[in-house]
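Thanks for coming. I will take you through one structure this morning, starting with a question about a pair of residues.

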Amino acid sequence: MIIVDEKKLEAIEPLVNTIKTKLYNEDEKPFPKFALSGEFTALLWNETEEYEQSANSWIDKNKFLALRKAKETVSHSNSFYIAWAFRELDNNGQPKARTIIELPFDWGRVENYESELDYHFSQFYVFDDSLTWFLHIDESVVLAGTQKFIDNFIESLGGIEKAKTMFDTYLNETSSDDVIDWVGQIKSHFLSNTRC
């Protein structure tokens with residue numbers, strides 16, 4: 001795990017801003033509207049606080065390996081970033097530098113990274129330099145990407161039926177009308193765009 005230095009932070013911060021203002025603008029389209037930009041497609045699953053073998057809170061080994069394989073079709077990056085959605089304020093009320101971590105595309109490092117952090121952040125993004133895909137992690141995990149990326153992710157994960165099951169599992173664990181509406185928007189967009 002590498003907490004990026006000031007110089008690299010200057011290069012990565014615009015990528016975070018692109019996600020927040022162009023690709024997934026929740027200020028413009030607050031929940032239960034689905035904020036994803038039209039050129040991207042998304043899947044989702046629940047984040048969990050419970051320990052699971054071969055998993056951390058936001059991704060398990062199978063999803064990670066599918067993500068890495070799909071990433072290789074759209075990006076040559078050897079590492080990715082984890083960036084916290086919000087910036088803490090200093091004593092004068094000014095935003096501090098955003099916390100951003102760099103990790104290699106290696107499951108062993110990803111599986112264990114959370115234990116290395118002071119986990120008081122609740123929302124973060126995962127992405128690489130290409131911005132052809134990203135994850136938004138909150139109480140749910142939204143994986144978004146170009147159609148090529150999502151198609152390859154689904155194929156690597158086990159096909160369209162597996163992806164549909166992920167939506168159904170999410171819906172079965174909620175009774176909130178707003179959440180059901182939100183998931184329905186994501187699923188509808190996914191099914192209308194996916195070619196697998």
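Which residue in strand 7 is the bridge partner of tryptophan 45? The partner is valine 141.

Before I go on, some ground rules. This is a predicted model, where local features need pLDDT of at least 70, side-chain atom pairs count only at pLDDT 80 or more, and totals for chains, interfaces and linings use all residues. Residues are numbered from 1 along each chain as its sequence is written, and side-chain values use heavy atoms, with hydrogens and water left out. Helices (H or I, at least four residues) and strands (E, at least two) are DSSP runs, numbered from the N terminus.

Back to strand 7, residues 140–145. Strand 7 pairs with strand 2 in the antiparallel sense, over 6 bridges; two strands pair if DSSP finds at least two bridges between them. Strand 6 is also joined to strand 7, by 5 bridges, and these two run antiparallel.

How many residues of strand 7 are buried? The count is 6 of 6, where buried means under 20% relative accessible area, exposed over 50%, and partly exposed in between, with a 1.4 Å probe and protein chains only. Ser140, Val142 and Ala144 point one way from the strand, while Val141, Leu143 and Gly145 point the other way.

Next, helix 4, residues 147–157. Its buried residues include Phe149, Ile150, Phe153 and Ile154. The buried residues of helix 4 pack against strands 2, 6 and 7 and against helices 2, 5 and 6. After helix 4 comes glycine 158, with a positive phi near 135°.

Now two loop residues. Tyrosine 24 sits in the loop between helix 1 and strand 2. Why does tyrosine 24 count as buried? Because its relative accessibility is 3%. Leaving aside neighbours within four places in sequence, its contacts (heavy atoms within 4.5 Å) include Phe34, Phe134, Val142 and Trp182. Alanine 35 is another of those contacts; tyrosine 24 and alanine 35 are 11 residues apart in sequence and 5.1 Å apart in space, C-alpha to C-alpha.

Serine 77 is in the loop between helix 2 and strand 3. Serine 77 is buried, with a relative accessible area of 13%. With neighbours within four places in sequence left aside, serine 77 is in contact with Lys71, Phe105, Asp128, Asp129 and Ser130.
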